[in-house]
Amino acid sequence: MGSLGSGGPSPMASLHVEDAYKTPPPPSSTTTTASSRKAIKWSLLILNCSFMGIGTIGGPLLLRLYYLHGGGRRWLSSALQNGGFPILFAPLAVLYARARARGVPPRKFFIEPRLLLASALIGILQGLCNFTYALGLSYLPVSTSSLLFATQLAFTAVFALLIVKYKFTAYSINSVILMTLGSILLGMRTNGDRPDGVSKAKYFLGFFVTLASALLSGFILPSIEWAYSLASKSITYTVVLQFQLGVAVSATIFSGIGMFINNDFQVIPREAREYELGHGMYYLVVVAAAVIFQFAFIGSLGVIFCTTSLFSGIFSAVLLPFTEIAAVIVYHEKYTGEKGMALALCLWGFVSYFYGEYRMSKKVEETPSSQQQPQLPAMQSPQVAQP
């Protein structure tokens, strides 16, 4: 579910990246065309941000609902996080029909083999990330899990340094330190936070596997950025959808193998019959979780297409504290002083990181084009063209 890290231009300024490469229309229509294009992109951005909000907040709540009333299959929970990938076939079918109507040959529509292979490999990592997240959520309250998973921002910054040579600033270092302190603070006191029936050993297991999930999530986005750099042609929204479809299918297969080894397929009917909310509600919760998680998945793609992966990651991270608040409201989870302080540290870290990126973007805008480096910033998304 998304991470970030960049020393590049302002995410919102990137709304105009494509426009800079296009031949301007006649003077009489320049203002109208630019305004219309800007309105369309802002509308699409707001829509996809809404999708991300629904998925990022609703997905963990539904997964926790599955666990609270008798669900216990961790591999099934892992599969649900990417199992809604068939939804992606609908927009791909529409885009393919449009491409064929314009006479685009199939070889230009479909993703390159090297990118497809990269998506499959990253999907395996995503499947492992999903499993560790599901395992952690089975032992932790949603609010605690969300705060711990927010450390993905810090991990992304570290892996961006190693994979795409991202340069740390004082603001990003401050963000990493603050979010690390937030995690340590949550681990110092557990008695007032442990769900009923969860031992201290299981609580700490959930604590550390959730951090492992955040670490994997922080590794995945720089890896995707690196994979995009392998493309021999411009990255279109169609290519992004196909790449993410490859990731989702691979992650689901990974979880499916775990389900098979763990005999989940045989146990699911019995678990459904014994589910506290009823047989029908069991399948409703499972299907709803798969669909809601896919909202976050599709929304993230749309945000990256409209802006950059940096903005997508920041927005995803900012949503996590709201997941915590929703869990306190819906499940009446205990809101301890440690959680409040950890939330404050996380928000402080987000603001510090975002302000640093804003300062960097202002410097880039003020630098004459002749003095700027010709190479794109390390974590800048590749140029995205219309399909």
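A polar contact is a pair of N or O atoms within 3.5 Å, where within protein one atom must be able to donate a hydrogen and the other to accept it, and where residues adjacent in sequence count only if both atoms are side-chain atoms. In this predicted model, local features need pLDDT of at least 70 and side-chain atom pairs count only at pLDDT 80 or more, whereas totals for chains, interfaces and linings use all residues. Residues are numbered from 1 along each chain as its sequence is written, and side-chain values use heavy atoms, with hydrogens and water left out.

A polar side-chain atom of serine 119 lies 2.6 Å from the backbone oxygen of leucine 116. Serine 119 belongs to helix H5 (residues 113-139), a helix being a DSSP run of H or I with at least four residues, numbered from the N terminus. With a relative accessible area of 0%, serine 119 is buried, a term for values under 20%, while exposed means over 50% and partly exposed lies in between (1.4 Å probe, protein chains only). Beyond its neighbours within four places in sequence, serine 119 is in contact (heavy atoms within 4.5 Å) with Phe243, Gly246, Val247 and Ser250. The C-alpha atoms of serine 119 and phenylalanine 243 are separated by 5.6 Å, although the two residues are 124 residues apart along the chain.

Asparagine 263 is located in the loop between helix H10 (237-261) and helix H11 (264-274), and is partly exposed, with a relative accessible area of 42%. Most residues other than glycine have a negative phi. The phi of asparagine 263, however, is positive, near 60°.

Note on methods:
Helices (H or I, at least four residues) and strands (E, at least two) are DSSP runs, numbered from the N terminus.
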